Structures are given as C-alpha cells and as structure tokens.
Amino acid sequence: MTMERLTASSTLPADVRQPAYVPSEHGCGIVHLGLGAFHKAHQAVYTDDALAAAGGDWRTIGASLRSPKAAEELNPQNGLFTLIERGVDNTSARVIGSIAKVIAAKGNSEQLLETLSDPRIRIASLTVTEKAYGIERMSGGIDTSHPAVAADILSPDSPVGVLGILVAALKRRCDAETKPFTVLCCDNLPNNGAFVRAGVLEFARRIDPALADWIEAQVSFPSTMVDRITPAATQATLSEARDLTGCSDLAAVETEPFSQWVIEDDFPTGRPAWDAGGALFVKNVAQYENMKLRMLNGTHSMLAYAGFLSGRDYVCDVMADPDLAKLVKRHIIAASHTLDPVPGVDLNTYAESLLQRFSNPNIRHETYQIAMDGTEKLPQRIFEPAITAMERGQSIAPFAFATAVWMRYCLGRTDNNATFELRDPRQDQIEKSVGTIKSPDEIATRLSGLDGFMPKELILDQSWNSAVSSKLALMLDKGMLAALHNEAK
Ligand code: CS2
C-alpha cells in the first residue's frame with residue numbers, strides 16, 4: 001500500500017508535535033539560499049518557534065542553487081517536513097511549518113531574483129557551504145578563478161553564484177528604491193557577516209560602483225554562530241519518519257537534541273522572534289564563533305580524517321575507540337586554550353558537552369561526510385588556533401597532528417591501498433601536487449604550499465614543519481593504527 005505524502009491536510013499522531021500556528025496564515029519574510037538538511041534542522045526550527053510565539057509574516061522561501069531535490073521533496077508537501085531528534089535515550093518527531101516553498105534556481109535565477117526583489121522579503125539567509133562564496137580566505141577579496149564568480153562578472157544580470165545573486169537582487173531593490181534585505185550568513189566561517197559583506201561589496205564595485213556605495217551604506221550583514229550536528233538524511237531517516245508520522249515524507253531530517261544560534265542583533269528591517277526558540281542575540285559573535293569553530297569543528301575535522309583512515313565510519317565509532325577518543329579530548333582541550341573568555345560560557349563544561357554529543361550512538365554522522373572540503377575548512381579550524389597556540393607558547397602537537405592526518409587523507413588511499421575520492425574543490429591541485437611522491441617531507445611541503453591555504457606564520461616555522469612531517473612519516477611508515485596509538489600515548 002502506498003502511503004500518503006505529508007501535507008497540510010495530513011492527520012498526525014498525537015505524539016508528533018505540530019506547528020502551533022497555521023502556516024498558511026503567515027506570509028514570507030525570508031529567502032534562504034542553500035536549503036538543505038542543516039537549514040531544516042536549525043534555522044527552520046527557530047523560525048517555527050518564533051512564528052508560534054510571536055506570529056508575523058516570517059515564513060521562508062527556500063532556494064537551492066545546485067539541485068532541484070529540495071524543491072521536489074518539499075513543494076508537494078506544502079513545505080512541511082518531519083524533524084527527528086535522536087537523543088541518547090529517546091527519539092521524538094516534530095513537523096516544521098516555517099518553509100513555504102522552495103525555488104530550484106540552478107540554471108535559471110530569474111524567479112529567485114524576482115522573489116528577492118519583493119520588499120516583503122526582509123532577510124536573505126545563507127547556508128551554501130564555505131566553498132560556494134568564491135571569496136579568497138587570506139585576502140578577503142573575490143576569487144575571479146571561482147567558476148560562478150567568473151561567470152557572474154561576465155553576465156551579472158543572469159547570475160548563477162551566491163555573490164552574483166545577492167548583488168543582482170540588491171541592485172533591483174536599489175533601482176526600485178525599496179529598502180534592502182539583511183544578509184544573514186549561517187555558514188561556519190569566522191566573522192561570517194563581514195566576510196560576505198566584503199565579497200558582496202567587491203563584486204558590486206566591479207560591475208556598478210554606485211550600487212556598491214548604496215550597499216555599503218544600506219545593507220547590514222550580521223554575523224552568526226550556528227550549531228547542530230545534522231548527518232545527511234538516509235533511507236533509514238525516511239522510513240523512521242514514516243513510522244513516526246504515518247505519512248510518507250521525502251524531506252525528513254534527523255538531528256541531535258542540542259542546538260545553538262548566536263546572532264549579532266543588527267536587523268534594520270526587522271527579524272523573527274528567534275529568541276523564542278533559544279537564539280541568543282549579542283553585540284559580538286566572534287568569541288562564540290571561534291569557540292565553536294576551533295573546539296567543535298576543528299576536532300571534527302581531525303577525527304574525520306583519523307577516523308576515516310582507520311576504518312571508523314561514524315563519529316560515535318571514533319568515540320568508542322580508546323586511542324581516538326583520547327586524541328579527540330586532547331584536541332578539544334588544546335583548542336580551548338587558544339580562546340579568549342567567552343561571555344557566559346564555561347569552556348570545560350562546553351568541552352564535556354562536546355564529548356557527549358560526539359558519543360551519541362544514535363547520531364550516525366559519517367566521518368567521510370565531515371572529511372569533505374578540507375582545504376575550505378582547515379584554515380579557520382586548525383591553522384588559526386595553531387598560530388595562537390604558537391604565540392602563547394602552548395603545544396602545537398594537536399594541530400600539527402590534525403594537519404598531518406589531513407595530508408595523509410590527501411593521498412586518496414588507505415593503508416590497504418583502497419582508493420577514495422577526496423571530495424575537495426581543490427582535488428585536482430592536490431592530486432597534481434602530491435602525484436606519486438613518497439617522501440613525507442616533500443608531501444608536507446607541497447600541500448602546505450597550496451596557494452593561499454596555509455598562513456606564512458606556519459609555513460615559515462621550523463618546529464611546525466618538522467612536527468607535521470614527522471607525524472605524517474609515522475603514518476606512512478607504520479600505518480594509521482600504530483601512528484594513532486603512538487600519538488595517543
Ligand atoms: C562538520 C559540521 O561537516 C562538517 O564539517 O564539522 O557540519 C558540524 O557538524 C556542524 O558545524 C555542527 O554544528
């Protein structure tokens with residue numbers, strides 16, 4: 001028997017929480033670019049809470065720039081989807097009503113631009129991943145070799161990339177003399193608001209300097225720290241959603257109970273009452289962002305490479321391995337020592353909560369998923385804290401180890417010579433630079449030298465280089481398990 005799709009007219013079991021408002025009675029105030037599992041498990045939930053608590057025309061129109069999948073999954077369901085929360089001891093399901101619809105914008109951004117031109121849209125939020133922006137990390141300038149940036153400079157009126165779409169939409173708002181939307185970056189990047197602002201301004205200046213001046217004066221780009229561990233949805237997610245709701249839901253997602261959102265409160269044209277869902281509005285997000293990037297994400301990247309290369313498929317398997325668990329703890333503590341105090345947060349308690357979150361056996365978070373896009377992640381997660389550790393005279397070993405294990409991963413084969421895809425935007429450059437080279441020193445030198453990747457402070461430091469290459473050498477000589485055991489001693 002085929003089960004009915006989840007829609008606004010589905011009757012749901014009493015233990016499935018439903019929107020405490022009538023979704024169709026609320027207009028849209030947000031466009032979200034990059035509508036994937038993370039948005040559904042995070043911002044969409046805060047907006048659902050805000051609509052329930054304070055009402056308002058704040059539903060979200062999603063857009064996906066890469067694949068039509070999100071639109072195909074959500075539009076036939078009136079934007080509704082099931083959020084499965086998996087704690088250590090219990091699982092619960094909740095249907096979220098904050099998404100109105102999704103626009104599939106790949107290859108045709110006109111509908112999205114029209115939507116963004118509507119003055120009722122007051123926020124354009126983003127979770128497009130680090131690599132989608134086309135902004136150079138070190139200089140903060142736009143990367144004209146990024147395919148979308150290059151294409152959009154040539155055809156700014158029919159943009160395909162993030163910067164091009166934001167600038168073309170803001171141009172329409174400026175031309176129509178309507179107030180702009182606030183740009184809310186929710187990607188895991190330090191000072192993410194200022195980062196996107198710099199990219200948008202430079203892109204705009206290239207095509208229309210007067211527009212750049214208008215954006216500079218009118219548009220706000222608050223920074224945010226977002227956190228919720230959300231593995232990619234699988235068939236198991238969808239079948240559990242069926243069991244829990246009695247409906248077929250192709251858009252279901254699963255996530256952990258923990259959730260955090262810290263936002264710089266700078267929304268000249270208003271915002272939902274996200275604080276009703278527990279979001280924290282602050283003046284300065286930087287300390288929170290660094291805490292999360294260095295302690296959570298930095299450790300994640302280290303454990304993803306170390307775990308994947310030693311045959312651990314999931315983060316919870318990593319935590320069940322005594323050597324790896326020790327290295328995880330060591331990394332979290334070392335990262336915490338590179339931070340300045342974070343208002344209202346006890347870093348030891350935060351460290352403890354990370355260990356528990358990583359150990360949750362019901363969250364099947366693949367190490368291979370986290371390993372993706374290393375060149376986009378290591379600078380802020382590993383290199384920045386490594387420099388601070390160096391300046392403060394603290395041990396650099398945990399950061400050198402994380403770097404070495406990423407380099408080992410870049411060779412694209414396990415100890416048993418099984419090959420795998422790196423899944424990194426600079427995969428070709430990585431493969432070319434390491435080729436068939438065998439010497440660990442040479443591999444380390446070449447990967448450290450990838451253009452614009454590792455900061456000079458590290459490249460020029462003798463003790464850093466020898467720590468990285470000796471750790472890599474051990475992995476290559478003795479194999480991953482022995483190297484991990486040695487590192488964890
Ligand atoms: C992870 C993050 O895939 C990754 O790189 O480190 O997606 C992480 O799970 C989230 O930032 C948690 O909030």
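**Core, ligand shell and backbone of a predicted model**

Leu166 touches Ala124, Val183 and Val200, leaving aside residues up to four places away in sequence. The model discussed here is predicted.

User: How many residues does the largest nonpolar core have?
Analyst: Leu166 is among the residues with the most contacts inside the largest nonpolar core, together with Ala63, Val183, Val200, Tyr305 and Val405. In soluble globular proteins, nonpolar side chains tend to be buried together. The size of this core is 139 residues.

User: Which helices each supply at least two residues of the shell around the ligand?
Analyst: The residues that surround the ligand are Asn188, Asp227, Arg228, Ile229, Asn297, His300, Gln369, Ile370 and Lys377. The shell draws at least three residues from each of domain 1 (23-282) and domain 2 (286-487). The helices in question are H10 (286-309) and H14 (367-371).

User: How many residues of the shell around the ligand are charged?
Analyst: The shell includes Asp227, Arg228 and Lys377. Its residues divide into two nonpolar and four polar, and the charged ones number three.

User: Is Thr129, with its positive phi, buried or exposed?
Analyst: Thr129 is not a glycine, yet its phi is about 80 degrees. Its place is in the loop between strand S6 (123-126) and helix H5 (147-154). A residue counts as buried if 20 or more other C-beta atoms lie within 10 Å of its own. Since Thr129 has 20 other C-beta atoms within 10 Å, it is buried.

User: Is Arg423 buried or exposed?
Analyst: Arg423, a residue other than glycine, has a positive phi near 55 degrees. Its place is in the loop between helix H16 (397-410) and helix H17 (427-434). Because Arg423 has 12 other C-beta atoms within 10 Å, it is exposed.

User: What percentage of residues 284-447 is helix?
Analyst: An unreviewed UniProt entry lists residues 284-447 as "domain: Mannitol dehydrogenase C-terminal". Over residues 284-447 the end C-alpha atoms are 34 Å apart.

Note on methods: Residues numbered from 1 in each chain as written. Predicted model: local features only at pLDDT ≥ 70, side-chain atom pairs only at ≥ 80, totals over all residues. Near = placed C-beta within 6 Å. Helix = DSSP H or I, 4+ residues; strand = E, 2+ residues; numbered from the N terminus. Nonpolar A, V, L, I, M, F, W, Y, C, P; charged D, E, K, R; others polar. Domains from an automatic or database assignment. Core = buried A, V, L, I, M, F, W, Y, C linked by C-beta atoms within 7 Å. Contact = placed C-beta atoms within 7 Å. UniProt positions renumbered as here; feature names shortened; annotations may be inferred.
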